[in-house]
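Hello,

Here is the structure I promised to pass on. Please open it first, then read my notes below.

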Amino acid sequence: MFDSHVHAGPDVLDRIGDDLDVGRAFGLADFSGFVLKAHYESTVGRAHSVSKVTGQTVYGGIALNQHCGGVNPAAVAAALSSGGRVVWLPTADAHTQRSAGLPRLCHHEARLPQHAYAIPPVDPAAAGAAELVLALVAEHDAVLATGHLSEAECRWLSDRARFYGIDRLLFTHPSYTVPGLRPAAVRELVEAGGFAEITAYQLLHQPGCSPALLARVAEAAGDKLILSSDAGQPDSPMPPEALEMLIDVLAAEGLDRRVLAAAASSTPESLFRPA
Ligand SMILES: [Zn+2]
């Protein structure tokens, strides 16, 4: 199995363990590897180190939040040129996070500006930076992940990804509180290209989430489904257990176990693997 969305320490938030603790847990659970995500720094160097120690396939990338100047092509160029495999559009500092009252970097340090990031069509002024980010992702054949941006921005990214020839497009947990997409919208987006993610975090922590709702989203995604843990919180199970639990819960809803297994192994492995 392969977990394409994992958090570990060091982080500005408490985590269940550091990169090596989490890597060892995946080793014990016989996973081939994982993608290390952090909201507030590039994980490219960290992924390289943990991969070297554990022998697993570990990928890193960068999330375009306030720590790196938001939708900042310079940060993307550095992360991708040094081996990063994924760029997440704004997550914790996205404008949706502010509207939904979810935690942001400025909540950890009150003297920081209350910045919230958006791209077209929500923020047309960000078009130049966003277009350059997409061009860089295309040139490096990396994964473009939509982060916590809204449905309108996901649609803009879908259109522009096609323009740039990006075929590694991942709609980050579209049915989470942010962006809060309905299964029909998920179906429409993946039919136009890309993959849709469901996370164990949703099942564990998302208000109003249910196994039945996640099953509808999984059906909408079809073979474009990616299952990941998004775990690493101290009050979640260790990431491998969290991902296995998600598969069991969706299987109990009647979904085909072979499809679920692929969504947590071969599908994300080939999405992130460099050509
Ligand atoms: Zn996450």
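Two strands count as paired if DSSP finds at least two bridges between them. Strand β1 and strand β2 (residues 33-36) meet that rule, with three bridges in the parallel sense. Please keep in mind that this is a predicted model.

**The sheet**

β1 and β2 belong to an open sheet of three strands. The order is β1-β2-β3, and the pairing is parallel. Which strands stand at the edges? They are β1 (2-6) and β3 (57-59). Each has a single partner strand, so one side of each has no neighbour in the sheet. From one strand to the next, the twist averages 15°. To find your way in, look at F2, which stands opposite G33 in β2.

V53 lies in α2. V53 and L20 are 33 residues apart along the chain. Their C-alpha atoms are separated by 8.1 Å.

**Helix α7**

Now go to helix α7 (residues 183-191). Which of its residues are buried? They are A185, V186, L189 and V190. These four cover an arc of only 125° around the axis, which puts them on the same side of α7. In general, an α-helix has 3.6 residues a turn, so residues three or four places apart point the same way.

What covers the buried residues of α7? The cover includes two helices, α6 (151-164) and α9 (211-221). It also includes the strands β7 (169-171) and β8 (195-199). The face turned away from the buried side carries the exposed residues A184 and E191. After α7 comes G193, with a positive phi near 125°.

**How α7 meets α9**

α7 and α9 pack at an angle of about 20°. Their axes are 8 Å apart. Angles under 35 degrees count as roughly parallel, and α7 and α9 are therefore roughly parallel to each other. The crossing of α7 past α9 is right-handed. On the α7 side, the contacts involve P183, A184, V186, R187 and V190. On the α9 side, they involve R216, V217, A220 and A221. V186 and V190 are also among the buried residues of α7.

Best wishes

Definitions and conventions. Residues are numbered from 1 along each chain as its sequence is written. This is a predicted model: local features need pLDDT of at least 70, side-chain atom pairs count only at pLDDT 80 or more; totals for chains, interfaces and linings use all residues. A residue is buried if 20 or more other C-beta atoms lie within 10 Å of its own, exposed if 12 or fewer, and partly exposed in between; C-beta atoms are placed from the backbone. The arc is that of the directions from the helix axis to the C-beta atoms. Two residues are in contact if their C-beta atoms, placed from the backbone, lie within 7 Å. Axes are lines fitted to C-alpha atoms, for helices over the stretch in contact, and angles run from 0 to 180 degrees between N-to-C directions. Angles under 35 degrees count as roughly parallel, over 145 as roughly antiparallel, 65 to 115 as roughly perpendicular and the rest as oblique. A crossing is left-handed if the near helix is turned anticlockwise from the far one by less than a right angle, and right-handed if clockwise.
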